[in-house]
Amino acid sequence: MNVWYVRENLPNADDMLAEFGHTRAWEARMREVGHGRRADISPAAALELASRAVPQTAELPDPTDPNGRKPGDLVTVIPDDYGKVAVQGQIVASSAQHIAIRRRDPRAGEVVVHFPRAGFLVRQV
């Protein structure tokens with residue numbers, strides 16, 4: 001559910017969300033975080049920052065993965081509709097809803113790319 005879509009488009013959003021206390025608490029925390037401050041930088045500066053950054057994604061195995069995949073396994077992640085460009089890397093974290101893989105980019109360095117499970121195929125390499 002997109003809480004912000006509901007709030008913007010449905011006049012009875014408060015009534016609809018009333019029974020979802022955890023969702024409303026999460027929404028309040030997200031509003032406190034805010035949107036930050038935007039600062040324009042050049043593509044070269046962005047790549048320089050990325051190349052010096054260290055991914056912080058915690059290792060998270062999915063004990064119910066039907067294929068037995070686990071952190072460290074080499075996989076490709078491919079959209080199942082259009083733009084079928086495969087991204088290859090090692091699993092860092094996965095669940096029924098997402099997968100995150102570590103890969104090395106020649107310009108950005110080590111990155112962890114996060115994908116939703118819906119709409120993507122995960123294949124063992």
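Author: Strand β1 and strand β5 (residues 120-124) run antiparallel and are joined by 5 bridges. The model is a predicted one, in which local features need pLDDT of at least 70, side-chain atom pairs count only at pLDDT 80 or more, and totals for chains, interfaces and linings use all residues. Residues are numbered from 1 along each chain as its sequence is written, and side-chain values use heavy atoms, with hydrogens and water left out. Strands (E, at least two residues) and helices (H or I, at least four) are DSSP runs, numbered from the N terminus. Two strands pair if DSSP finds at least two bridges between them.

On the β5 side, threonine 76 has arginine 123 as its bridge partner, and valine 75 stands opposite glutamine 124. Towards β2, there are 4 bridges from β1, and these two strands also run antiparallel. There valine 75 stands opposite glycine 89.

These pairings belong to an open sheet of 5 strands in the order β4-β3-β2-β1-β5, with antiparallel pairing. Its edge strands are β4 (109-116) and β5, each of which pairs on one side only. Direction ignored, neighbouring strands of the sheet are turned by 45° against each other on average; the axes behind such angles are lines fitted to C-alpha atoms, for helices over the stretch in contact, and angles run from 0 to 180 degrees between N-to-C directions.

How enclosed is β1? Of its 6 residues, 5 are buried, so the strand is largely enclosed by the rest of the structure. Buried means under 20% relative accessible area, exposed over 50%, and partly exposed in between (1.4 Å probe, protein chains only).

Next, the nonpolar core. Such a core is a set of buried Ala, Val, Leu, Ile, Met, Phe, Trp, Tyr and Cys residues joined through side-chain atoms within 4.5 Å. The largest one has 8 residues: Val75, Val77, Val87, Ile91, Ile99, Ile101, Phe115 and Val122. The elements giving two or more residues to this core are β1 (74-79), β2 (87-94) and β3 (98-105). In soluble globular proteins, nonpolar side chains tend to be buried together. Leaving aside residues up to four places away in sequence, isoleucine 91 has contacts (heavy atoms within 4.5 Å) that include Val75, Ile99 and Ile101, along with Lys70 and Asp73.

Lysine 70 and aspartate 73 also meet each other through their side chains in a salt bridge (3.2 Å, N to O). The term requires a side-chain nitrogen of Lys or Arg within 4 Å of a carboxyl oxygen of Asp or Glu. Lysine 70 is partly exposed at 46% relative accessibility, whereas aspartate 73 is buried at 14%.

The core residue phenylalanine 115 also forms an aromatic pair with phenylalanine 120, by the rule for rings of Phe, Tyr and Trp (its six-membered ring) whose centres lie within 6.5 Å. The two centres are 5.4 Å apart and the planes stand at 55°. Phenylalanine 115 is buried, with a relative accessible area of 10%, and phenylalanine 120 is partly exposed at 24%.

Note on methods. Rings of Phe, Tyr and Trp (its six-membered ring) pair if their centres lie within 6.5 Å; planes under 30 degrees apart count as stacked, over 60 as edge-to-face and the rest as tilted.
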